[in-house]
Amino acid sequence: MSTTETDLPPEPKGRVLIIAGSDSSGGAGIQADIKAVTALGGYAATAITALTVQNTRGVSAVHGAPLEIISGQIAAVLDDIGADAIKTGMLASKEVIETVIAALDEAGAELIPLIVDPVMVASSGARLIGEDAVEALKTKLIRRATLITPNVPEAEALTGIKVEDVDGQREAGEALLKLGARAALIKGGHLEGAQVIDVLVTRNGMRIFSRPRIKTRHTHGTGCTLASGIAAFVAQGAPLDKAVEQAGDYLHEAIRRAPGFGSGAGPVHHGWPLDGEPVSEAPSGPLAAGLAGLAGLAGLTRET
């Protein structure tokens, strides 16, 4: 039987549906997601799950969106704009997680790549998720994930495994695959060392990404930014490991160029590829290749 146009997968168009909470300070949540996806050449649509009152010093209030509004946003976007990747962030309760899953099923979104950032605690230390939501993440959402991107505390909470080094990261990643995820990126920012090591575990093996640690307090929204960067590249047709690599390179430079706003955990510079400025402190290896690719996306010329 011959292949017809209807047999072929749709051409990736860079559309990312972000299902997450809003951060009034603009450094994390939906605001960070939109900035990252846009800076990397994608198109961001949103379904807001909660409003937070926060700045770089902390979260002082959270107001959850009505469940029917959450599901309505998802349906409205997927019924009209569509999506080439979906990214979830703050899903504060079991009911919200179940609502999101039901809405995605109703829209027939099962085959759209799903990047799950299991947001549990803000950079300021404020808890953003209930205990019932942790269980729902483990039993209902993770098994649908193309990729889940926990940091060390989140990986430990989801798997019960103590993560102290690369071996622990690998073990936690393998445990998340057993819960149903197709891949897991265990981020190493919370571990000690001159290098920040992230470990990508897939059903085909493991890949390690290592970058120099930047000593800074300006790390607000780094998890949101990385996951959305990955989603942006996946939505444009990049293989998962390449999307993880390039999004990590983008975040590394965004941290280095942080604007210094706020007196607490300040935001990173999401829009740096659009600045028109050369990348300084020219790196080598995968980081150099990733930054060169980002510069190409923004139409920049990179100095070496």
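Seven names make up the buried side of the story for helix α6: Gly168, Gln169, Ala172, Gly173, Ala175, Leu176 and Leu177, where buried means under 20% relative accessible area, exposed over 50% and partly exposed in between (1.4 Å probe, protein chains only). The model is a predicted one, so local features need pLDDT of at least 70 and side-chain atom pairs count only at pLDDT 80 or more, while totals for chains, interfaces and linings use all residues. Residues are numbered from 1 along each chain as its sequence is written, and side-chain values use heavy atoms, with hydrogens and water left out.

Helix α6 itself runs over residues 166-178; its 13 residues reach 18 Å from first C-alpha to last, close to the expected 18 Å (1.5 Å times one less than the number of residues). Helices (H or I, at least four residues) and strands (E, at least two) are DSSP runs, numbered from the N terminus. The buried residues of α6 pack against β6 (147-148), α5 (152-159), β7 (183-186) and β8 (195-202). At the start of α6, a side-chain oxygen of Asp165 comes to within 3.2 Å of the backbone nitrogen of Asp167. After the helix comes Gly180, with a positive phi near 120°.

Over in helix α5 sits Glu154. This residue is buried yet has no salt bridge, and Lys187, the nearest side chain of opposite charge, is 4.7 Å away. For a salt bridge, a side-chain nitrogen of Lys or Arg has to be within 4 Å of a carboxyl oxygen of Asp or Glu; Lys and Arg count as positive, Asp and Glu as negative, and His and the chain ends are not counted. The Glu154 side chain does reach the backbone nitrogen of Asn151, at 2.9 Å. Leaving aside residues up to four places away in sequence, Glu154 touches Asp117, Pro118, Val119, Met120 and Thr149 (contact: heavy atoms within 4.5 Å).

The structure has one aromatic pair. Tyr250 and Trp272 are stacked, at 6.2 Å centre to centre with 25° between the planes. Rings of Phe, Tyr and Trp (its six-membered ring) pair if their centres lie within 6.5 Å, with planes under 30 degrees apart counted as stacked, over 60 as edge-to-face and the rest as tilted. Tyr250 belongs to helix α8 (residues 240-256) and Trp272 to the loop between α8 and α9 (286-297), so the pair ties together parts 22 residues apart in sequence. Tyr250 is buried at 0% relative accessible area, and Trp272 is buried at 1%.

Methods
Polar contact = N/O pair within 3.5 Å; in protein donor to acceptor, adjacent residues only side chain to side chain.
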